[in-house]
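Biologist: I would like to learn how to read a model of this kind, one feature at a time. Could you take me through it slowly?

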Amino acid sequence: MNFRRLLAVSRKEIFQVLRDSRSLLIVLLMPLMLMTVLGYGVNLDTKHIRMFAFDREGSQQSQDLLKRFQSSEYFNLIATVRDYDALATALDNGRCQLAIVIPHDFSARLRDGRGVKVQALVDGSDSNTAQLAIGYAQGVVGAYGARVQAEFFRKSHAPSVNPSLSVDARTWFNEELESKNFIVPGVAAIVMTVVGTLLTSLTIAREWERGTMEQLISTPVTAMEIIVGKLIPYFALGMFDTAVCATIAVWWFDVPFRGSILTLTVGSGLFLTVILGLGFWISVFTKNQLAASQIGLVAAFLPSMLISGFTFPIEQIALGVRYREGLFEQ
Amino acid sequence: MTSNGNSVEVENLVKRFGAFTAVDRVSFSTRTGEVFGLLGPNGSGKSTTIRILCGLLHPSSGRASVAGYDVVASPEQIRRNIGYMSQKFSLYADLTVLENLRFFAGMYGVSSDIVKERIGWALEMAGLRGRESSLTGTLSGGWKQRLALGCAVLHRPPILFLDEPTSGVDPLSRRLFWELIQRMSDEGVTIFVTTHYMDEAVYCNRLALMDRGQLIALGTPTELRRDSIEGSLLLLECDRIGDALERVRRIEGVHDAAVFGNALHLVVSNVEVGSAIRAALEADGIAVARLESIRPSLEDAFVALTARRGVNGATEQSR
């Protein structure tokens with residue numbers, strides 16, 4: 001490999017990118033655009049589920065239970081109603097996602113130590129949210145039930161209470177389970193994939209389309225020199241975009257940065273090299289700018305959105321194995 | 001560099017694309033410092049030949065060497081020793097004049113101590129002094145072409161390949177271009193050029209005529225003009241040119257007749273046939289405005305050669 005030829009190819013490529021407004025737009029706007037749209041737009045946290053309640057008893061116990069829903073950040077108790085029709089209407093027009101119905105003998109049954117069931121009506125049109133709502137509601141009701149049970153045993157002076165078995169979960173890496181903490185870094189990966197693939201997918205195709213490849217291959221330059229020479233500027237642009245994304249993530253979205261910058265840089269570099277290679281391959285294969293950019297976009301966006309774990313993991317982390325089947329059913 | 005560093009040698013070269021034979025058993029060799037023209041209509045195999053010689057295509061069979069290097073075995077060596085200007089404008093339109101020159105200087109590995117001088121020379125030659133920072137895409141055809149030539153010879157190649165270099169360029173620029181070519185040839189550069197402009201062929205020292213993939217004649221323009229026509233050539237200007245063409249073809253002693261502009265060129269066994277032609281046409285009521293013996297042009301030579309080959313081909317098939 002001849003170093004001077006390599007540099008000449010790189011220099012030429014830089015001049016071309018700087019004069020090509022389309023490429024520049026991709027480099028400069030894509031990170032900002034995707035960061036804004038996905039960073040703000042994609043929120044997989046299900047909080048403040050709109051909830052209606054139909055308290056058929058109106059006792060102190062039933063109000064206690066509803067208060068627990070109210071104080072949870074996952075639920076937003078909008079209204080209490082007096083009949084089923086009102087619940088049905090609210091579910092129909094989407095004013096509530098979850099409706100809780102407390103039976104008329106709620107406190108009596110609790111007092112007597114008989115089992116009691118609370119009804120939950122869930123809007124299943126968004127099955128993901130519905131599952132989360134059911135899970136959270138069971139959590140709230142279960143916790144309340146446990147307390148009532150403890151109380152009951154205490155009052156009846158039972159000899160001893162076996163503590164019920166429970167899981168005390170602690171989430172690592174993303175303690176708050178905030179989806180932006182992994183969505184925003186995920187966007188950075190998408191930006192790298194899309195920018196890397198799009199830019200390089202044009203570069204070889206452009207040479208073929210404009211006839212400059214013919215001239216190029218009549219010179220002593222080798223294929224390796226062309227590829228590496230072209231790779232260098234796009235690598236620099238890709239790393240620049242990665243840095244932009246990382247900066248936005250940390251300073252704007254407050255995503256905690258833990259670990260070493262060196263590891264991130266080296267990892268990003270390796271990833272970017274593969275991505276640039278993919279773009280090159282598409283470009284060589286199509287020899288046509290339009291086709292290359294279309295294929296590049298599909299090849300970059302689909303896997304990075306769907307199978308990289310960008311779209312779904314919060315559900316897996318939050319609900320664990322229990323809902324894995326539900327996830328695949330979607 | 002080997003002793004035959006300036007030459008192109010081709011022996012029984014064949015290039016097939018599937019069932020189609022683009023280049024069919026072509027052989028020739030060039031001499032140092034000559035302008036060697038490959039002449040023929042579009043699709044006759046000229047560009048394919050030149051692309052094989054530049055190492056851009058592999059031959060199906062046969063042998064070709066450029067600057068003493070075999071095109072199949074050592075294309076890298078060849079690329080160091082040639083300049084190539086393709087048919088289509090192939091510089092970077094979005095780079096400036098200077099950036100293009102620097103880029104190709106880099107590609108050809110022009111050593112840094114003479115880069116400046118070579119680029120200066122190319123700018124001078126192309127007449128682009130003062131326009132170094134213009135975007136190449138904004139230049140007019142003649143300038144683009146001369147810049148492309150400049151880029152192709154930055155490394156002083158002993159052999160220069162030009163594939164239809166003057167297509168789409170105005171006549172004045174074409175003449176200017178050929179003067180540059182002539183000058184390079186005087187300096188000992190072997191120029192290998194393809195063209196389908198007959199009027200440009202006269203700039204060549206030697207010509208190879210190609211038709212349907214085969215080499216049908218090789219010689220200096222004078223030789224081709226002289227030897228390709230058996231007999232004499234007559235120019236006929238008359239009314240009803242179509243009818244006249246039909247009629248003269250039936251006259252004994254007329255070997256061939258072809259339309260050239262608004263006149264007919266007739267290949268006849270001798271000048272005396274002229275009177276028979278005039279008599280026959282006038283008997284049919286066709287007024288003859290002009291009938292005289294002319295010196296054959298290259299185009300006449302080409303028509304005569306392809307026509308003769310057509311007849312030969314037919315007889316070969318009928319056997």
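This is a predicted model: local features need pLDDT of at least 70, side-chain atom pairs count only at pLDDT 80 or more; totals for chains, interfaces and linings use all residues.

Biologist: How many helices and strands does chain A have, and what percentage of its residues is buried?

Modeller: Helices (H or I, at least four residues) and strands (E, at least two) are DSSP runs, numbered from the N terminus, and chain A has 13 helices and 4 strands. A residue is buried if 20 or more other C-beta atoms lie within 10 Å of its own, exposed if 12 or fewer, and partly exposed in between, with C-beta atoms placed from the backbone. Of the 330 residues in chain A, 33% are buried.

Biologist: Which parts of domain 1 of chain B touch domain 2 of chain B?

Modeller: Two residues are in contact if their C-beta atoms, placed from the backbone, lie within 7 Å, and by that rule 8 residues of domain 1 of chain B are in contact with 8 residues of domain 2 of chain B. On the domain 1 side, helix 7 (198-201), strand 9 and strand 10 of chain B each supply at least two residues, and strand 10 gives the largest share, 3 residues. For classes, Ala, Val, Leu, Ile, Met, Phe, Trp, Tyr, Cys and Pro count as nonpolar, Asp, Glu, Lys and Arg as charged, and the others, Gly among them, as polar; this side of domain 1 of chain B has 6 nonpolar, 1 polar and 1 charged residues.

Biologist: How is the packing of two helices described, and at what angle do helix 9 and helix 10 of chain A pack?

Modeller: Two packed helices are described by the angle between their axes and the distance between the axes. The axes are lines fitted to C-alpha atoms, for helices over the stretch in contact, and angles run from 0 to 180 degrees between N-to-C directions. Helix 9 and helix 10 of chain A pack at about 130°, with their axes 10 Å apart. Angles under 35 degrees count as roughly parallel, over 145 as roughly antiparallel, 65 to 115 as roughly perpendicular and the rest as oblique, so helix 9 and helix 10 of chain A are oblique to each other. The residues that meet include A:Leu231 and A:Phe235 in helix 9 and A:Leu272 and A:Leu276 in helix 10, and by class this contact has 8 nonpolar, 4 polar and no charged residues.

Biologist: Why does A:Asp254 count as exposed, and where does A:Asp254 lie?

Modeller: A:Asp254 counts as exposed because it has 12 C-beta neighbours inside 10 Å. Its place is in the loop between helix 9 (223-252) and helix 10 (261-286) of chain A.

Biologist: Which elements of chain B give two or more residues to the side that touches chain A?

Modeller: In the contact between the chains, 20 residues of chain B are in contact with 18 residues of chain A. The elements that give two or more residues on the chain B side are helix 2 (75-81) and helix 3 (97-107) of chain B, and helix 3 supplies the largest share, 5 residues. The residues of this side divide into 10 nonpolar, 4 polar and 6 charged.

Biologist: Is helix 3 of chain B mostly covered or mostly open?

Modeller: Helix 3 of chain B is mostly covered, with 10 of its 11 residues buried, among them B:Leu101, B:Phe103 and B:Phe104. Its buried residues pack against helix 1 (3-19) of chain A, together with helix 4 (112-126) and helix 5 (141-152) of chain B. After helix 3 of chain B comes B:Gly109, whose phi is positive, near 65°.

Conventions:
Residues are numbered from 1 along each chain as its sequence is written. Chains are lettered from A and ligands numbered from 1 in the order in which they are written.
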